Amino acid sequence: MGVSGSGKTTVATRLADRLGRPFAEADDMHPAANVAKMAAGTPLTDEDRAPWLATVRDWLTAEAERGRSAVVTCSALRRRYRDVLRGAAGGVTFVFLDGDPELLAERMRRRKGHFMPPSLLESQLDTLEPLEPDEDGVRVLVDGTPDDVVAEALRRLGERAPRHAQ
């Protein structure tokens, strides 16, 4: 989880590979209307996000019903969005990718072909509610290389006491 530019896709694909788990990109689950809205520079509303979050939750549930833990990218900026995802069968653990806003903006400016314009970063940062102590997850800074971030995420995940069966 994290704002645009935090490296969710890069880190999640590497985590999934290292853990041998299926991977999905939640951005690919957005309805076309959401993608068009964001591409036009308009932030999504909670009403826009509701069916998308349900789709992500349902994908996680389907993987759990197949007996597989999975990795999915999702901004999950607000606790209530994470609450929807936590409704998935099998439990959900979050890796909150956090970074300096200037670093995130620079990463967004360098990206090619992504529908999320850098102009929406500020609205995402304004919306962001970091993980709370009672939420199952870890916070990882994204100021290192992708491999450094993955290593730190795995280290932090290994240190925490599990709150649900994996």
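Me: Is Glu25 buried or exposed, and which side chain of opposite charge is nearest?

Reply: First, the ground rules. This is a predicted model, where local features need pLDDT of at least 70, side-chain atom pairs count only at pLDDT 80 or more, and totals for chains, interfaces and linings use all residues. Residues are numbered from 1 along each chain as its sequence is written, and side-chain values use heavy atoms, with hydrogens and water left out.
Buried means under 20% relative accessible area, exposed over 50%, partly exposed in between (1.4 Å probe, protein chains only). Lys and Arg count as positive, Asp and Glu as negative; His and the chain ends are not counted. A salt bridge puts a side-chain nitrogen of Lys or Arg within 4 Å of a carboxyl oxygen of Asp or Glu. Glu25 is buried but has no salt bridge. Its nearest side chain of opposite charge is Lys8, 6.8 Å away.

Me: What does Glu25 touch, not counting residues up to four places away in sequence?

Reply: Contact means heavy atoms within 4.5 Å. On that count, Glu25 touches Thr9 and Thr73.

Me: How should I read Ala64? Why does Ala64 count as partly exposed?

Reply: Because its relative accessibility is 26%. Ala64 sits in helix H3. Helices (H or I, at least four residues) and strands (E, at least two) are DSSP runs, numbered from the N terminus. Leaving aside neighbours within four places in sequence, Ala64 contacts Ala89 and Gly90.

Me: How far apart are the C-alpha atoms of Ala64 and Ala88?

Reply: They are separated by 8.2 Å, with the two residues 24 apart along the chain.
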